[in-house]
Amino acid sequence: MIFAVRPTARFLMLALALTFAAVKPAAAQSVLRDSETELLFRDLSKPLIQGAGLSPASVNVVLIQDPEINAFVSTGQVVYIHSGLIAAADNANQLQAVIAHELGHVAGGHAIRMYEGQGAATKISILSLVLAAAAAAAGAGEAAMGVLAAGQQVAMGNFLSFTRAQESSADLAGASYLSKAGVNGEGSLQFFKKLGNQEFRLAVPQKDSYARTHPLSSERIASLEQIYKADPAWKRRTDPALEARFQRVKAKLLGYIDPRRAAIVYPESDRSVPAHYARAYAYHRSAYPDKAAAETAELLKASPDDPFFLELKGQVLLEGGRPAEAIAPLRQAVSRAPDQPMIAVMLGHALIATEDQSRFPEAKQVLKNAVNRDNDNPFAWYQLGIIYDREGDRARASLATAERQNLEGQTKLALAAARSALMGLKPGTADYLRAQDIAMVSETQLKKDKKNKRDDGK
């Protein structure tokens, strides 16, 4: 039977669909990449990942720029941490607690199972729609709307109950991973108390969590407190060196994202390492190169061989229009941290930016080594493309462009560049096969996009 959905019913269906869409993690936030931060995430998460029975080589913890105090997982073994959460966390232990909770979602396959919850709720919604249509056909318009509204409410309640169960499961799993890693669970309780204070400030009802995707923070604390206090790790403190690294990363992130606030949180009177770090980035981002250089000099005075302080010195010089002067500290940084390809990419950039062709062979080798270690860096491929272009190697310049555009999601341009590369590369070589792969992936994605667009237009 074909029937028309009344505008009110259509609105309710749309509202339900939009609510489901809202619980899915947003994919549009900007990913922030930094060598020191990624190394900290790796070291903080490794024992937790192992505690979850997962491989540290297969799980990534990624930082995204978003001021909300939040973290989430998507499909695949990736944990996304909002920059706002780093700013809100007081210590490394609190960040570890959040990562442990998110690993509970990863290990439980919750991102995939979310569709099960949506499917069950959708079935209820469709059934209520059919019943409402039958009532409307019988002339009971008001009854039809009542049935429809009740069905939508039941569907949403069913879905919210499903997500709360997942959150509670992740809480308990996270507590288990912290225990196996020998990490104190106090940071978990501290962070839930912090979220509870936010709930009070926002006047979130505290009677029950029926209309929420997550349990109330007070409920979560009550269910976890005894578990943590009974654990042998309860009295164990965070490694001071790890805590110091967290405070450095937190400070530099604030200086990079919010220079004005960094000046308030870390005033000139604060002579600590995190304060110098925050102000160095804040001054650099605010176009005060001399002040940024002075703060960086204070950092290097305390730790002259620190690769990340050397990286910052090179960055200030390079982005301040002094690439030749940036080379020495960046070379030193690469030698002190040879396993950090993003620092190597900055060195390659500085060598190219001098416009001195005698430096290009070194830049080429540095950049090739960098992409071999980390081929997910679009800027590295852009710089390598410049070298190939200057050498007159159009085919490999096109391949580097295809790599960059593929990473940036520019499918049409990636396909065109890959096809251009194929015309100049020797068949059967590694570069030829790579260009072929990018072309095939791009063609498949374009066909998929075209089909989806055609289906949406029906």
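Helices and strands are taken here from DSSP runs, a helix being a run of H or I with at least four residues and a strand a run of E with at least two, and both are numbered from the N terminus. With that rule, Ala287 is placed in the loop between helix 11 and helix 12 (289-302).

The structure is a predicted model, in which local features need pLDDT of at least 70 and side-chain atom pairs count only at pLDDT 80 or more, while totals for chains, interfaces and linings use all residues. Residues are numbered from 1 along each chain as its sequence is written, and side-chain values use heavy atoms, with hydrogens and water left out.

## The chain as a whole

The protein chain has 20 helices and four strands. Of its 458 residues, 46% are buried, where buried stands for a relative accessible area under 20%, exposed for over 50%, and partly exposed for values in between, computed with a 1.4 Å probe and with protein chains only. The accessible surface of the chain comes to about 23,600 Å², and 55% of that surface belongs to carbon and sulfur atoms; such areas come from the Shrake-Rupley method with a 1.4 Å probe, and for residues only the protein chains shown count as cover. A contact means heavy atoms within 4.5 Å, and among the contacts in the chain between residues at least 6 apart in sequence, 61% join residues at least 24 apart.

## Helix 11 and its partners

How do helices 11, 12, 13, 16 and 17 pack in pairs?

| Helix pair | Angle | Axes apart |
|---|---|---|
| Helix 11 and helix 13 | about 20° | 11 Å |
| Helix 11 and helix 12 | about 155° | 8 Å |
| Helix 16 and helix 17 | roughly 140° | within 10 Å |

Helix 11 (residues 273-285) and helix 13 (residues 307-319) pack at an angle of about 20°, which makes helix 11 roughly parallel to helix 13. Angles under 35 degrees count as roughly parallel, over 145 as roughly antiparallel, 65 to 115 as roughly perpendicular, and the rest as oblique. On the side of helix 11, Val273, Tyr277, Ala280, Tyr281 and His284 take part in this contact, and they meet Phe308, Phe309, Leu312, Gln315, Val316 and Glu319 in helix 13. By class, the contact of helix 11 with helix 13 holds eight nonpolar, two polar and one charged residues, with Ala, Val, Leu, Ile, Met, Phe, Trp, Tyr, Cys and Pro counted as nonpolar, Asp, Glu, Lys and Arg as charged, and the others, Gly among them, as polar.

Because the angle between them is about 155°, helix 11 and helix 12 are roughly antiparallel to each other. Here Val273, His276, Tyr277, Arg279, Ala280, Tyr283 and His284 of helix 11 meet Lys291, Ala292, Glu295, Thr296, Glu298 and Leu299 of helix 12, and the residues of this contact divide into six nonpolar, three polar and four charged. Between these two helices lies the loop that holds Ala287, a residue other than glycine whose phi has a positive value, near 65°. At 59% relative accessibility, Ala287 counts as exposed.

Helix 16 (residues 360-373) and helix 17 (residues 378-391) cross at roughly 140°. Phe360, Ala363, Lys364, Leu367, Lys368 and Val371 in helix 16 are in contact with residues of helix 17 that include Trp381, Leu384, Ile387 and Tyr388, and the residues of this contact divide into nine nonpolar, one polar and four charged. Glu355 is found in the loop between helix 15 (341-353) and helix 16. Its phi is near 60°, again a positive value in a residue other than glycine, and at 51% relative accessibility Glu355 counts as exposed.

Is Ala251 buried or exposed? Ala251, which lies in helix 9 (residues 240-257), is buried, with a relative accessible area of 0%. Not counting residues up to four places away in sequence, Ala251 touches Tyr266, Pro274 and Ala278. Ala251 and Ala87 are 164 residues apart in sequence, and their C-alpha atoms are 8.4 Å apart in space.

Ser83 belongs to helix 3 (residues 83-88) and is buried, with a relative accessible area of 7%. Leaving aside neighbours within four places in sequence, Ser83 is in contact with several residues, among them Leu63, Asp66, Leu253 and Ile257.

Thr411 is in helix 19 (residues 411-424), and at 17% relative accessibility Thr411 counts as buried. With residues up to four places away in sequence not counted, Thr411 touches Ser442, Gln445 and Leu446.

Notes: Axes are lines fitted to C-alpha atoms, for helices over the stretch in contact, and angles run from 0 to 180 degrees between N-to-C directions.
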